[in-house]
Amino acid sequence: MLTRLEQAQESWGGSHSVIDSWLEERQELLVQYCKLVGLPPYERSDNALPDKDEIQSFCQILVDYLSAGHFEIYDDIVQACEEKGPQSLALAKTLYPKIASSTDLALNFNDQYADAKKGQDFSKFDSDLSELGEVLEQRFEFEDELIDNLYSNHLDK
């Protein structure tokens, strides 16, 4: 996922300030995800669950990222695709529902773990986090297709 992010930043970085900000949020989200999962360099030696503050921080960034996409970026991209023509708009209309479907799973994760209470059942935390990671990876691919469409067809290179 980080390699894909680096490629996205290389391809579209500096082309549009909103996209730059969004990709920076994605980077922050991925770093927090790596910390929760315990990927290098954030490995956990004790196999313990992350602490409550780490989970809350991740969930806040997750919700911020989802919100930025839905309320700031997708509408602009779809509108730009509509102006470009039917083929560009068709791509946006095909990808948008796929992106939106990942939102429900991400928000469910947030609802389940953001305000975790002591004694709460965390037996599914690792599997839920893994599933969320897979869904986010797919979402990023769809988002990158939208951004590429915008960059290729609407922005000056």
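In this predicted model, confidence in the protein chain is lowest in helix α1 (residues 2–12), where the mean pLDDT is 54, and highest in α4, where the mean is 88. Where pLDDT is low, the predicted coordinates should not be read in detail, and a reader new to the model may like to keep that in mind at α1, the helix with the lowest confidence. Over the whole protein chain the mean pLDDT is 81, with 82% of residues at 70 or more.

The protein chain holds 5 helices and 0 strands, giving the pattern α-α-α-α-α when read along the sequence. Among contacts with a separation of 6 or more, 74% join residues 24 or more positions apart. Buried residues account for 39% of the 157 residues in the chain.

Along the way, α3 bends by about 45° at I73. Both ends of this helix have details to inspect. At the start of α3, a side-chain oxygen of D51 comes to within 3.2 Å of the backbone nitrogen of D53. Just after α3, G85 adopts a positive phi of about 145°.

The interior comes next. In soluble globular proteins, nonpolar side chains tend to be buried together. Here the largest nonpolar core has 38 residues, and the members touching the most others are L29, F58, L62 and F109. Two or more residues are given to this core by each of α2 (17–37), α3, α4 (86–113) and α5 (125–154). Helix α3 supplies the largest share, 13 residues. Apart from neighbours within four places in sequence, L29 is in contact with F58, I61, L62, Y65, L136 and F140.

A last stop is L105, which sits in helix α4. Is L105 buried or partly exposed? With a relative accessible area of 23%, L105 is partly exposed, because the cut-off for a buried residue is under 20%. Leaving out residues up to four places away in sequence, L105 touches E131, L132 and V135. The C-alpha atoms of L105 and L132 are separated by 7.0 Å, although these residues are 27 apart along the chain.

Terms used. Residues numbered from 1 in each chain as written. Predicted model: local features only at pLDDT ≥ 70, side-chain atom pairs only at ≥ 80, totals over all residues. Heavy atoms only, no water. Bend = angle between axes of the 7 residues up to and from the residue. Helix = DSSP H or I, 4+ residues; strand = E, 2+ residues; numbered from the N terminus. Polar contact = N/O pair within 3.5 Å; in protein donor to acceptor, adjacent residues only side chain to side chain. Core = buried A, V, L, I, M, F, W, Y, C linked by side-chain atoms within 4.5 Å. Buried < 20%, exposed > 50% of the residue type's maximum accessible area, 1.4 Å probe, protein only. Contact = heavy atoms within 4.5 Å. pLDDT = per-residue confidence, 0-100.
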